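User: Hi! Could you help me look at how the side chains pack in this one?
Analyst: Happy to, let's open it up.

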Amino acid sequence: MVFRFNYLPDIALADAALEVWADSWGELLAGATAAMTALMVVPEDLKPLKQQTVEVRAESVGQLLYDWLSELIFLKDTVGLLVVSAQVEVVAGESWCAASRLQGDTIDPARHRLGRDVKAVTYHRFEVTQRGSEFYAKIVLDI
Amino acid sequence: MRELAKQISPNVWEIPPSAKTGMRVPARILASPGIFATMDDGVFEQITNVATLPGIQRHALCMPDGHWGYGFPIGGVAAFDLETGVISPGGIGFDINCGMRLLRTNLTLDEVRPRLASLMDTLYSLVPCGVGSKGVLRLSESEYRQMTTMGAGWCVERGYGWPEDPDHIEEQGCIPSADPDQCSSKAVQRGLNQLGTLGSGNHYLEVQVVRPENVFDAQVAQSFGIGIQDQICVMVHCGSRGFGHQVATDYLRAFGPVMTKHGITMIDKELACAPFSTPEARSYFGAMNCAANSAFANRQVITHRIREAFAKTFGKNELDMGLEIIYDVAHNIAKVERYEIDGKTKDLLVHRKGATRSFGPGQVQLPVDYRDIGQPVIVGGSMETGSYLLVGTQRAMDETFGSTLHGSGRTMSRTKAKTMIKGEKLRQSLLDRGIAIRTASLSGLAEEAGFAYKDISEVVAAVHNLGISRRVVRFLPIGNIKG
């Protein structure tokens with residue numbers, strides 16, 4: 001699947017700012033995942049060598065995206081996971097829930113052209129909205 | 001907001017409390033006119049936001065290397081009353097105790113240059129860096145938590161350093177009020193494999209030379225162990241890695257409801273805070289100090305590996321090469337320090353985010369051998385333009401809560417910088433200028449090009465002219481490891 005995202009050159013001097021557009025909340029989380037991964041590695045170098053189940057719950061859809069990306073940063077630091085592809089299911093209820101069985105690879109400098117290390121999601125200019133049928137997020141990641 | 005700043009002295013600009021609803025004190029920006037003109041608008045918005053926080057004392061400050069950050073600007077300094085004031089993770093930064101360590105050697109450029117390539121290869125193999133890098137130490141969760149209460153001393157006890165090393169580290173490499181029970185299991189898990197790793201972004205390990213023309217105060221330089229012509233030094237810039245970031249992430253999320261509970265208006269979610277007297281604030285303070293200690297330990301393990309690399313490369317004992325620590329400073333931290341406010345001596349919680357402590361002579365917190373001189377202040381520049389060693393002053397104690405700048409400060413985003421030059425071209429260009437680069441990421445290297453930063457000499461001149469720290473020496477890079 002081709003995701004729609006764009007990096008913003010003039011927002012975060014020392015870090016990385018990005019925008020994502022999607023047709024659903026699940027696609028928005030998957031697109032943000034792809035955008036974050038592409039900061040850390042050249043995506044074409046990744047192979048789907050492992051699977052990882054991820055489930056996150058939060059009180060709002062904005063917090064869900066924040067916690068989702070934070071969980072992937074945690075998995076990158078602890079088990080070396082870089083996400084190759086993700087189909088994310090988002091369910092809205094009393095709380096919001098995102099779940100996926102991710103296809104991933106393990107960080108390997110011998111196979112991967114690595115970029116910057118994403119270390120945290122920030123609330124700076126953080127924006128998650130639905131505009132009609134379009135779902136949108138603006139995210140600044142700490143490098 | 002910028003247009004409301006009035007120049008009140010050659011290098012000080014002040015925005016009055018009337019500029020923004022809720023400002024409790026003026027905001028001061030320390031900068032030469034040239035630097036002031038190039039500062040991004042975020043600095044002015046953010047430093048005036050800081051001035052609204054409860055219990056802030058005297059004024060909110062931004063150093064000449066200031067630029068847009070999260071909550072506080074980078075270069076932000078603010079001191080808070082312990083009873084009425086707050087603690088804010090956004091005033092400390094995600095990378096808690098990101099800092100600088102400087103080692104000297106008794107080697108000269110002539111001795112090092114012929115083996116520089118080999119030295120850089122060995123350093124690169126012994127000090128892991130880049131995305132996903134892991135250190136050589138394998139700790140259990142309980143060992144890691146113990147390390148966070150002991151800092152650099154934990155490493156020295158296990159042979160990763162010399163007994164005298166902690167003497168030349170801020171806080172002797174261990175802040176006593178660390179409380180590992182306040183750190184989440186997630187934070188500890190992120191840190192487990194990362195002790196002794198450099199990280200990425202603007203973190204680096206650099207081999208540097210002190211040219212005679214770059215010694216500005218020979219007497220003070222001599223006191224810091226720099227007195228040989230073309231002396232080689234090693235500078236390290238890194239912090240608390242994933243552990244510190246997770247502590248910040250956990251508490252930024254937790255502090256939102258705490259602000260509501262205590263009736264504090266949230267101007268910016270990254271400026272979340274808690275009254276320092278509350279249990280929530282004390283929990284964060286305990287966890288933050290754990291992260292600070294882990295950063296001291298991280299730089300200590302790296303120091304050990306640097307010594308190993310020099311010993312291996314030059315076939316000499318590391319003691320014989322004089323690889324001693326000049327000093328180690330934190331530039332992302334909050335600490336309780338004593339200052340005079342309105343004629344009364346008070347303990348204050350001083351936040352420094354991208355700012356360095358700059359204690360003048362006579363402070364009991366300084367090592368005995370530096371107490372009559374002042375604190376070494378280590379200022380990292382880009383890999384192209386060099387770095388500085390300054391010394392703290394009484395004026396900093398009087399005017400800036402014992403604080404000064406921390407680096408040169410970015411002027412261009414990472415995204416834009418790498419559209420301007422390719423990493424391989426930059427590496428070759430640096431090699432042509434005598435600077436050997438080893439990097440885990442060529443695209444990451446391009447983002448750190450010298451043109452993305454302010455002119456470090458101009459930034460340093462501003463604090464020197466202000467008198468909040470004085471120039472001692474300038475270092476020129478000959479080798480750089482970039483994560």
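User: Which residue lies over the face of B:F276?
Analyst: That's B:R282, at 4.0 Å from the ring centre. Keep in mind that this is a predicted model.

User: And what lies over the face of B:W162?
Analyst: B:R307 does, at 3.6 Å from the ring centre.

User: Switching to rings with rings: how many aromatic pairs are there over all chains?
Analyst: A search of the whole structure finds 21. One of them is A:W25 with A:W96, where the ring centres are 6.0 Å apart and the planes sit at 85°, so the pair is edge-to-face.

User: Where in chain A do those two lie?
Analyst: A:W25 is in helix α1 and A:W96 is in strand β6, so the pair ties together parts that are 71 residues apart in sequence.

User: Is A:W25 buried or exposed?
Analyst: Buried, because its relative accessibility is 15% and the cut-off is under 20%. A:W96 is buried too, at 18%. Ring pairs also link A:W25 and A:W96 with A:F135 into a cluster.

User: Now the nonpolar core. How many residues does the largest one have?
Analyst: It has 181 residues, and A:W68, A:I139 and B:I29 have the most contacts inside it. Helix α10 of chain B gives the most to this core, with 11 residues.

User: What does A:W68 touch?
Analyst: Leaving out residues up to four places away in sequence, its contacts include A:L29, A:V54, A:V88 and A:L102.

Conventions: Residues numbered from 1 in each chain as written. Chains lettered and ligands numbered in written order. Predicted model: local features only at pLDDT ≥ 70, side-chain atom pairs only at ≥ 80, totals over all residues. Heavy atoms only, no water. Core = buried A, V, L, I, M, F, W, Y, C linked by side-chain atoms within 4.5 Å. Buried < 20%, exposed > 50% of the residue type's maximum accessible area, 1.4 Å probe, protein only. Helix = DSSP H or I, 4+ residues; strand = E, 2+ residues; numbered from the N terminus. Contact = heavy atoms within 4.5 Å. Phe/Tyr/Trp six-rings, centres within 6.5 Å; stacked < 30°, edge-to-face > 60°. Lys NZ or Arg CZ within 6 Å of the ring centre and 35° of its normal.
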